[in-house]
Amino acid sequence: MIIKELELTNFGKFNHHSVLLSPGLNIIYGENEAGKTTLHTFIRGMLFGIEKQRGKASAKDLYTKYEPWENPSYYEGTMRIENEGINYRIERIFHKENKAFHVINEDTGQELTPDEIETLFAGLNESCYYNTVSISQLGSTTDKELETILKNYAANIGATKSLEIDIRKAVSDLDAQKKNIASESRIGEEDMIQKSIYNAKDHLEISEQEQQQIIASIEQKKDVVKEYDEKTRELAGLDAKRLEELAKQNERKDNLYQEMNTITAELEKHTETLNQINEHKEELQQALKDKGIESAQMMEELNEKVLNRSNMPVLFIFLMMASIGVMIGLLVGNYQLLQYPEAWVRPLIFLGAAIVFLLLSIIRYIWNKKKKEKKLEAVKELRQMMERLDAAEHEEVYTRRQVERKKENLENVQNLLKAEEQRELTQRDYSEELKELETSRRKVNDEISKAQWMLEQKQERDIDAERRIDELQVRLEKIAKAKEEIRAIGDAKETIEEIATEIRNSFGRRLNEKASYYIAQITNGKYDSLYIDERLNITVNGRKNLIPTSKLSKGTVEQVYMALRLAAADIIFEKDKKPILLDDAFAMYDNKRMGNTLKFMAESMDQVILFSCHTREKLMADKLGLRYHFIRL
């Protein structure tokens, strides 16, 4: 991969700022705070993104440090690269609320899929970037992570160039895992668990026998209950006839009681009626007696007397007839004197008297008639009273007969009721036997319930025991599985150790060869070979002996680690082109060392991007006649 152009659309202090880069040596010069580290960080951010940290860490993280000075929400950039002759454009938006990442094939105009992007950047991740191709200011010495990257790559060198495998950590993890498995599965308890399972199964066998005995006892008691039930049904059937007869007898008695109550009520009613009749008779008799009527004969005589009494006023009629007779006598006896007015005086007096007596007779007649009518009315009332008295006497007789009849009926009903009460049932009473059967049946049922309860308790305990056995079996299986896993871990550990040996024998040899080549080139042959053991302890071959890095000068150590990084980059990226980014990486180099290293990189590296706040790299390149692309910030 060759970086061709950086376009900082809005990143840190830069706004719409472009930087063109070339293959070979690129020297980016700028004084302090000119933006060199910003450009370096921009390249890293375009490749891997910049995440916003959380909490207090967010105040000093890279995201905040390089957030645009103007218009922070517009936080993005573009980087053009070339890989295997194809031009790509990387576009990235860094803003936390609107993050985006796209890779465009500029030759075809098509956007790459995630799988295609992964293929494009195969072997390159942020950890690899920091420990091989990127050497930051005063950071040329590899950190501890380089050992992990190299060995991880060795473990997976023939596959995907992934740097995710850590052999030493894997071995340590396997040991820890083995220890955890042994601890979690409690392998030491295997014998105790097997013994517990044996005891639980023995208990289940004994419990099964006891349960069979309880079940047999329950079945036997159920047979007894069935016999009680059959006997109860038989006696209940016989007793039902007694109860039916008793019910009929009670029904007859109830009917007799009801009839007796009815007769008693009627008797009381008739007796009350008779008393009322007697009271009415006494009232009528007293009223007649008060009228002077003590018998029916006297009533007839009084009625006859009133009916036979004449209304004619005999005395006044007699006096009228006498006056008329005297008048006629005077007229006849004095016939000759009638011619004289004086002769008419006396006859007219008697005529007037006769008229007066006639009027008195009429008045008396009318008065006598009214009087007779009143007496007849009074007699009629007395007759009616007499008739009511007769009716009362007849009613008294009738009611008395009714009372006697009801008394007789009441006595008959009472005799019948007494006979019913004294009558004995023909059917035998089985109620006591039924009670005894029910008591015995309840007792046996209680025994059955108790036995069933004991059976359920044993079954529940057996279920718990079976569950316990299952749990113990699971634990045994877990222990067996754990033992198998431990064996597998042992096999894996042996395999890893074999891989580690192969690393020392093969990959370690490749790393040593590559590093030796680079140390020879950048030291101009002063040190022609370099050896790195599995712990990354480094020694160099001087003209007379092997020298550990602890005895080398700081400048030489810087060259050794530069060689080591370049060797690691060669192995990791193999034949892929790669940019080497140096941020004031030659600060500890003297001019001779810097000139040797700079000349080698300019002539041998695919692309070198050198960030510096000094002009000595440019001056040295000019002095050595090196081709380079110079960029001033």
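This is a predicted model: local features need pLDDT of at least 70, side-chain atom pairs count only at pLDDT 80 or more; totals for chains, interfaces and linings use all residues.

Modeller: Strands E9 (residues 529-532) and E10 (residues 538-541) run antiparallel and are joined by four bridges.

Biologist: What makes E9 and E10 a pair of strands?

Modeller: Pairing needs at least two bridges between the strands. E9 and E10 have four, so they count as paired. Within this pair, Leu 530 is opposite Val 540 of E10.

Biologist: Which side chains of E9 are buried?

Modeller: Leu 530 and Ile 532, which point to one face, are buried.

Biologist: Why is Ile 362 called partly exposed?

Modeller: Its relative accessibility is 43%. Buried would mean under 20% and exposed over 50%, so a value in between makes Ile 362 partly exposed. Ile 362 lies in helix H10 (residues 345-422).

Biologist: How do you know that the length of helix H12 agrees with its number of residues?

Modeller: H12 (residues 554-573) has 20 residues, which at 1.5 Å a residue should span 28 Å. The C-alpha atoms at its ends are 28 Å apart, so the two values agree. Just after H12, Glu 574 has a positive phi of about 50°.

Biologist: Why is H12 called largely enclosed?

Modeller: Of its 20 residues, 19 are buried, so the rest of the structure largely encloses H12. In the protein chain of 633 residues, 37% count as buried.

Biologist: What makes E8 and E14 edge strands?

Modeller: The open sheet has five strands in the order E8-E12-E13-E3-E14, paired in parallel. Strand E8 (134-135) and strand E14 (628-632) each have a single partner strand, so one side of each lacks a neighbour in the sheet.

Biologist: How do you know that E3 and E13 are paired?

Modeller: Six bridges join strand E3 (residues 24-29) to strand E13 (residues 607-612). At least two are needed, so E3 and E13 qualify. The two strands run parallel, and Gly 24 is opposite Gln 607 of E13.

Notes. Residues are numbered from 1 along each chain as its sequence is written. Side-chain values use heavy atoms; hydrogens and water are left out. Buried means under 20% relative accessible area, exposed over 50%, partly exposed in between (1.4 Å probe, protein chains only). The expected span of a helix is 1.5 Å times one less than its number of residues.
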